[in-house]
Amino acid sequence: MTAIVEAKGLTKSFGATRALDGVSFAIETGRIVGLIGPNGAGKTTALKAILGLTPFGGDLKVLGLDPRTQRDELMRDVCFMADVAVLPRWLRVIQALDYCSGVHPRFDRAHAMEFLRKTDIGLNSRVRELSKGMVTQLHLALILAIDARFLVLDEPTLGLDLLYRRKFYDTLLNDYFDKERTILLTTHQVEEVENLFTDVIFLSHGHIALSSSVEDLGSRYVQLTVAAEQAARARALKPFYEREVFGRVAMIFEGHTAAELGALGELRTPSIADLFVAKMQGTATT
Amino acid sequence: MNTEVADAAAGAPPNATAAPAVIHPTRTLQTLVRREFWEHPALWRAPLFAGGALVAVLLIAIFSRHAHGVVIVDGHSRVLSDIFNLDTATKVAAHSLLQGAVWLVLSIIAIVVASFYLLDCLYAERKDRSILFWKSLPVSDGLTVASKLVVALVAVPLIVFAMAIGLELLGFAIWELWSLTGAGLSVFSWDTLAWLRTEVVIFLVMLLALLWYAPVAALFLVVSAWARRAPVLWVLLPLIFIEVVEQIFSAIVGTPRYFAHFVNYRVGGIWVHLGIPHARLFGHGDSIHPIGAWLGELNFAGAFTSLDLWLGVIAAAALTYAAVRLRRYRDET
């Protein structure tokens, strides 16, 4: 497997705030990576660095190119969707198709038309006449018709209802994703898309709090739910997070085997959402 | 069924091998220029409406009660054509004035619209965040900014030039038909060579204006790429401020008004080089002087080889580069 993104020591400051404070990570081909973090963690800054939209410090290679100096070349193989509100409101659907055909060598107009045919979007409609969900569908139609190797999505479903969100991710997986392509996605709605990810990167205050493949999470982390009276024994094994649920205590451990913890209570692999909350609260208290 | 359609019908991902690897920059530029006219249709509509209004005024004059070629002189009604018995040379010259006037009116409208366009284009895309969409496609900042200049300094002037010819010919035809009916006054005459000479003069004047004002256009782009709000004010207020401060200093201390002179020179200097202030519109007596004759009378060679003209072009290139850098690295979305 080859690395699509290799970041070493990325830094970026806004005044006194360090949005990225020496961030290093790698993204391999054929993965769907979730970049997850609370507001202000540096997610969007990291994406902008990857896309060459903002100056930054450190080493960064995307598809082997430096986004600072080779952005134009890079954008032939990278596609991104900032969020739904960025399609200009005056643009007509047909103009969006004409424009993409005119500037993107890998845009397949027939493919976009085919996708749009399945929606209620009229070719002569202007973006301002479409609902938010329809604008996202239009943007998705444009993106899916571009044969890009690397797709970057920044909160693509923000403000959409559940039906549109579900449809969006289904389409992404079924019509777009394959082993040659890589997707990097940020979202706040972690629970909905956690089954989608092959890898996760947690960002907090400009630092990487966790970077792992989803398969490895199961062997690294374990969630133990114990009765309140067993809690003290479990606590002795130093969980990094715990919370009380209906009189029982759920704890998350790192680096313990199921054999060590099994006797104390119920074991399972923590969900990405649980792990995210655990990591964020863990880092918030230290 | 070809494979492309078959693939699309099956909902398969687009086939990379079917698409060309690159799009030629001229095709990209063409698409970018079309895009500008989609967003700013006023660039062609405003001059067209102005031209339409001119034709409408002509038609109203023709069909109004007072314009049936009859005037009251000393209490007697007289047919106009009896009073004005114009010779052919004067009619040909009058026709050249019509050509020049139509072009000038359309150009003034286009200059106003294009100025607002240049000040808005790089600002609006940041304001509505659509810059993130444009930047998600493989189009360089250089080509994008160049397309805006091409629109303002090439596409719009050529459209106006062509539109002016069309409208002038339409106006001329309407007038001629009217005068053929006997009701209208025969004031214009057709002379192909004179007509062509006039168009050449108009084209050269236009070309000179575009080169001379190119730095202003590029400055507008810089302000548009830079201003966080109200780019129009960012152009006007500093001008007014410096002008006022210099005037106060000049009044109190008596310093020369360098800035005012510079602005005056950059507005009208090239026309002094060309000799427009001495250009004749009227010949001996009351006869009209054809614009086409300016070809030999004005100093086109001197104006086009003026050092200040080309220094301005270099300044325009530098300012355009600054606008490209601003668009590339400015991040406020």
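Colleague: Phe246(A), buried or exposed?
Modeller: Phe246(A) counts as exposed, because 6 C-beta neighbours lie inside 10 Å. The cut-offs: buried means 20 or more other C-beta atoms within 10 Å of a residue's own, exposed means 12 or fewer, and partly exposed lies in between, with C-beta atoms placed from the backbone.

Colleague: What should I know about the model itself?
Modeller: It is a predicted model, where local features need pLDDT of at least 70 and side-chain atom pairs count only at pLDDT 80 or more, while totals for chains, interfaces and linings use all residues. Residues are numbered from 1 along each chain as its sequence is written, and chains are lettered from A and ligands numbered from 1 in the order in which they are written.

Colleague: Back to Phe246(A). Where is its place?
Modeller: In the loop between β11 (241-245) and β12 (248-254) of chain A. Helices (H or I, at least four residues) and strands (E, at least two) are DSSP runs, numbered from the N terminus.

Colleague: What is its phi?
Modeller: Near 50° for Phe246(A), a positive value in a residue other than glycine. Most residues other than glycine have a negative phi.

Colleague: How do β11(A) and β12(A) pair?
Modeller: Antiparallel, over five bridges. Two strands count as paired if DSSP finds at least two bridges between them. Val245(A) has Arg248(A) in β12(A) as its bridge partner.

Colleague: Which order do the strands of that open sheet take?
Modeller: β11-β12-β10-β13 of chain A, four strands with antiparallel pairing. β11 and β13 (266-268) stand at the edges; each has a single partner strand, so one side of each lacks a neighbour in the sheet. Neighbouring strands are turned by 20° against each other on average, direction ignored. Those angles use axes, lines fitted to C-alpha atoms, for helices over the stretch in contact; angles run from 0 to 180 degrees between N-to-C directions.

Colleague: How many bridges between β1 and β2 of chain A?
Modeller: Nine, with β1 (residues 3-14) and β2 (residues 17-28) running antiparallel. Glu6(A) stands opposite Ala26(A) in β2(A). The hairpin has two residues between the strands, and Gly15(A) there takes a positive phi near 65°.

Colleague: And which way do β1(A) and β4 run?
Modeller: Antiparallel, with five bridges joining β1(A) to β4 (residues 57-62) of chain A. Lys8(A) faces Asp59(A) in β4(A).

Colleague: What domains does the assignment give chain A?
Modeller: Domain 1 (3-205) and domain 2 (216-285). The bounds come from an automatic or database domain assignment. Their centres, taken over C-alpha atoms, are 34 Å apart.

Colleague: How many residues are in contact there?
Modeller: Nine of domain 1 of chain A, with seven of domain 2 of chain A. On the domain 1 side, β8(A) gives the most, with three residues.

Colleague: How many residues does each chain bring to the A-B contact?
Modeller: 32 from chain B and 33 from chain A. On the chain B side, α2(B) gives the most, with six residues. That side divides into 18 nonpolar, six polar and eight charged. Nonpolar covers Ala, Val, Leu, Ile, Met, Phe, Trp, Tyr, Cys and Pro; charged covers Asp, Glu, Lys and Arg; the others, Gly among them, are polar.

Colleague: At roughly what angle do α2(B) and α7 cross?
Modeller: At roughly 65°, and the axes of α2(B) and α7 (residues 141-180) of chain B come within 9 Å. The crossing of α2(B) and α7(B) is right-handed. Right-handed means the near helix is turned clockwise from the far one by less than a right angle, left-handed anticlockwise. By class, the contact of α2(B) with α7(B) has eight nonpolar, three polar and two charged residues.

Colleague: Last one. What is the phi of Arg129(B)?
Modeller: Positive, about 65°, although Arg129(B) is not a glycine. Arg129(B) sits in the loop between α5 (88-127) and α6 of chain B. Arg129(B) is partly exposed, with 16 other C-beta atoms within 10 Å.

Technical notes. Two residues are in contact if their C-beta atoms, placed from the backbone, lie within 7 Å.
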